[in-house]
Amino acid sequence: MTELRHRGATDKELQHQNSKDKGSETEGKERDGASDNETKSDSGVPEVPVSADDTPEVLNKALSGLSSRWKNWWVRGILTLAMISFFFIIIYLGPMVLMMIVLCVQIKCFHEIITIGYSVYHSYHLPWFRTLSWYFLLCVNYFFYGETVTDYFFTLVQREEPLRILSKYHRFISFALYLTVIHSVFLSPQFGWTHVTLLIVVTQSHLIIHNLFEGMIWFIVPISCVICNDIMAYMFGFFFGRTPLIKLSPKKTWEGFIGGFFATVVFGILLSYVMSGYRFFVCPVEFNNDSNSFTVDCEPSELFQLQDYGLPPVLKSITGWTTVKLYPFQIHSIALSAFASIMGPFGGFFASGFKRAFKIKDFANTIPGHGGIMDRFDCQYLMATFVNVYIASFIRGPNPSKVIQQLLALRLDQQLHIFNSLKVHLTEKGLLPALEEAA
């Protein structure tokens, strides 16, 4: 009996001691939680809401029996085909519709980034954050598109007096609009956030419009190469990926990167061969003053005419061919495809680092399985800048029609002076007498 009482007393003491230990552990956890919360609050980076899964209910029911990995594969695949089909439709509708789509994409991308900025800086109680951001977007678009209208619609602008005045003072008006509110945000975080967004989204989307005016092929091939690389890198990575490529994007692998590169180069050469044979794609987009509409009819340049190229000895021994017929543009397409495969993904890496910094998976949930519009166009903007620089460096030459437009805008005495100077120059070159004899 004495031993039983002693054991009972001992059990009670042990239970009492355990309850004390549990209480101390609970208090310790509470203190740790409080310290964690203080650390998060001291970091100064508010939580950005994570995008919810908005996969259509029809797809959820149809793919309910699959694992999450294969379900995501099918959702991405189906919606990718839908987006490609939409891309074909807008190409068929012509350059004007393409320009409007580029503008809509630009506005949506700007909205997604500004929404994240508003969520981050909302706690700072910055007045008029979104309103002023949209005002800056309006100012920058007014400047860029005003420059485009003056450049490509010169005859129409000179014909209408109000447009001629706006064109003459366009840059001053744009700068005045910018200065109107710059003082209110100059020292706030909003200034940097909005202006970096304008640089990334608006400026580079404007370069897409410029590429489009050089010919639709300079718009379609680069965009298609980026899309092909995105798809093929995903496919190779999904089925063969084992080696991580970069920590910022854990799902990207070396197998997907290398497989996407070779697939994109082959795709770019084949697509360029098909498109180079059609004037609708290769002719510059010009404004016809007689019909007040865009035209894409011209005599294709040497860049889009088949030429013979000699093969290296190794390929001669394999194929038995000595020469092969190619469009010169196909040679340029290799550079475009290589950039889309090697440097283009770095736009995605930058976007991944940006999203990871704010602890979000996607910029938005506009496209199920893909995220927001900015998630799909992060590489496209970098590609557009490269294409614009490439055209200016290796392709574009003096445009006679633009030179004539500028000459007609001069005073009559200035036009006469240029005429006499040109006459002397042609005479020294020996061309003018030959022209006179021919006349």
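Begin by colouring the stretches that UniProt, in an unreviewed entry, records as "transmembrane region": residues 73–93, 133–154, 175–196, 216–241, 253–275 and 329–351. Keep in mind throughout that the model is a predicted one. Select residues 73–93 from that record, and you will find a span that is 100% helix and 0% strand, with its end C-alpha atoms 31 Å apart. Then select residues 329–351, where the end C-alpha atoms lie 31 Å apart and the span is 91% helix and 0% strand.

Next, select helix 4 (residues 95–121) together with helix 5 (residues 129–152), which pack at an angle of about 150 degrees with their axes 10 Å apart. That angle makes helix 4 roughly antiparallel to helix 5, and the crossing of helix 4 past helix 5 is right-handed. To see the contact, show the side chains of Leu103, Gln106, Ile107, Phe110, His111, Ile114, Gly117, Tyr118 and Tyr121 on helix 4, and of Phe129, Arg130, Ser133, Trp134, Leu137, Asn141 and Tyr145 on helix 5. By class, the residues of this contact between helix 4 and helix 5 comprise 10 nonpolar, five polar and one charged.

Move on to helix 10 (residues 217–240) and helix 11, which pack at an angle of about 145 degrees, their axes being 7 Å apart. Helix 10 and helix 11 cross in a right-handed sense. On helix 10 the contact includes Ile217, Ser224, Cys225, Cys228, Asn229 and Phe240, while on helix 11 it includes Glu255, Gly256, Gly259, Gly260, Gly268 and Met275. Taken by class, the contact of helix 10 with helix 11 has 14 nonpolar, nine polar and one charged residues.

The contact of helix 11 with helix 14 divides into nine nonpolar, eight polar and no charged residues.

Finally, turn to the aromatic rings, of which the structure holds 24 pairs. One of these pairs is formed by Tyr390 and Phe394, whose ring centres are 5.0 Å apart and whose planes make an angle of 50 degrees, so that the pair counts as tilted rather than stacked, which would need planes under 30 degrees apart, or edge-to-face, which would need over 60. Both Tyr390 and Phe394 belong to helix 16 (residues 373–395), where they sit four residues apart, about one turn of the helix.

Conventions
Residues numbered from 1 in each chain as written. Predicted model: local features only at pLDDT ≥ 70, side-chain atom pairs only at ≥ 80, totals over all residues. Heavy atoms only, no water. Axes fitted to C-alpha atoms, helices over the stretch in contact; angles between N-to-C directions. Helix = DSSP H or I, 4+ residues; strand = E, 2+ residues; numbered from the N terminus. Parallel < 35°, antiparallel > 145°, perpendicular 65-115°, else oblique. Left-handed = near helix turned anticlockwise from the far one by under 90°. Contact = heavy atoms within 4.5 Å. Nonpolar A, V, L, I, M, F, W, Y, C, P; charged D, E, K, R; others polar. UniProt positions renumbered as here; feature names shortened; annotations may be inferred. Phe/Tyr/Trp six-rings, centres within 6.5 Å; stacked < 30°, edge-to-face > 60°.
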